[in-house]
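Work through the following exercises with the structure open beside you, and try each task before reading its solution.

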Amino acid sequence: MASITRAGRARPQGGAGFEMAVWYLIRLSGLALFVLALSHFSITHFVSDPAEQTSQWIFDERWNGLFWRTLDWLMLQMVIFHSFLGMRTVLGDYLKGGARTAVLMALYLLAFVVFVMGTVAVMSMPVGLVP
Amino acid sequence: MLLRYRGGAGMIAWGFHRLSGVAIWLFILLHVLDIWLASANPGLYDNLLEIYASLPGRIGEALVGAALLYHALNGLRVIALDFWPRLTRYHKQLWYACWVVFFLVGIPGAYLIVAPALGLPTLRG
């Protein structure tokens, strides 16, 4: 069983469980983000330019249809899973006991807030913005 | 963490992965906030966009892009080593390959991001 590598966190031992699910989810969402996040960054910086991306532009171009809104919402979910589970690993390495529990609870609450804010943004970009 | 422990390439690859990951997480918090503003308060978002599009803002974006690119490339390396453990023998070479791609993609990329603020030409003219 060569389950320990020098590169990343070792695969949890002991069969299926929460930690194993997290271990796989980090890697699966990482693969998805390799495509989604890098293409997102390329589109917003190389194909387009941040100077053009006003709120009006987002409404008229970027989110003018279900496709991009759906894709960006998918990316939001992947990035929340990946980044917050990653932060869970990082913070768990440096904290223990009650402080660890309290900080991780705050982290999960923040993840929920970020999910709600992103979802509200992608779904409710106001139609009334365009005159 | 990175300067005192002489752990070699594997340790530094891990340290950079962790630092870039935390940096990207912080940017995600800012980025979801700004996109939320685009819907909730478009005027304020447009003001924030002017900061993003300024020279210091663009240098910051290039740094976010660098963190993202390193984390993505080294992340693929981690996944490859996890699922094909025999590759571990070549973990250093794979890390050096990450850096080759990082600079080949990153240097032109950083130029394209910063160029508009300096009046230099880009792919869009």
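Predicted model: local features only at pLDDT ≥ 70, side-chain atom pairs only at ≥ 80, totals over all residues.

**Exercise 1.** Find which residues of α1(B) are buried, and what covers them.

*Solution.* A residue is buried if 20 or more other C-beta atoms lie within 10 Å of its own. Among the residues of α1(B) that are buried are His17(B), Gly21(B), Ile28(B), Val32(B) and Trp36(B). The cover over the buried residues of α1(B) includes α2, α3 and α4 of chain A, together with α2, α3 and α4 of chain B.

**Exercise 2.** Describe how α4(A) and α1(B) pack, and which residues make the contact.

*Solution.* Start with the geometry: the axes of α4(A) and α1(B) lie 8 Å apart at an angle of about 35°, and the crossing is left-handed. Then list the residues: α4(A) contributes Val114(A), Met117(A), Gly118(A), Val120(A), Ala121(A) and Ser124(A), while α1(B) contributes several, including Leu29(B), Val32(B) and Trp36(B). Sorted by kind, the residues of this contact are ten nonpolar, three polar and no charged.

**Exercise 3.** State how many residues each chain gives to the contact between the chains, and which element of chain B gives the largest share.

*Solution.* Chain B gives 40 residues and chain A gives 36 residues. On the side of chain B that touches chain A, the largest share, 15 residues, comes from α1(B).

How values were computed:
Residues numbered from 1 in each chain as written. Chains lettered and ligands numbered in written order. Contact = placed C-beta atoms within 7 Å. Helix = DSSP H or I, 4+ residues; strand = E, 2+ residues; numbered from the N terminus. Axes fitted to C-alpha atoms, helices over the stretch in contact; angles between N-to-C directions. Left-handed = near helix turned anticlockwise from the far one by under 90°. Nonpolar A, V, L, I, M, F, W, Y, C, P; charged D, E, K, R; others polar. Buried ≥ 20, exposed ≤ 12 C-beta atoms within 10 Å, placed from the backbone.
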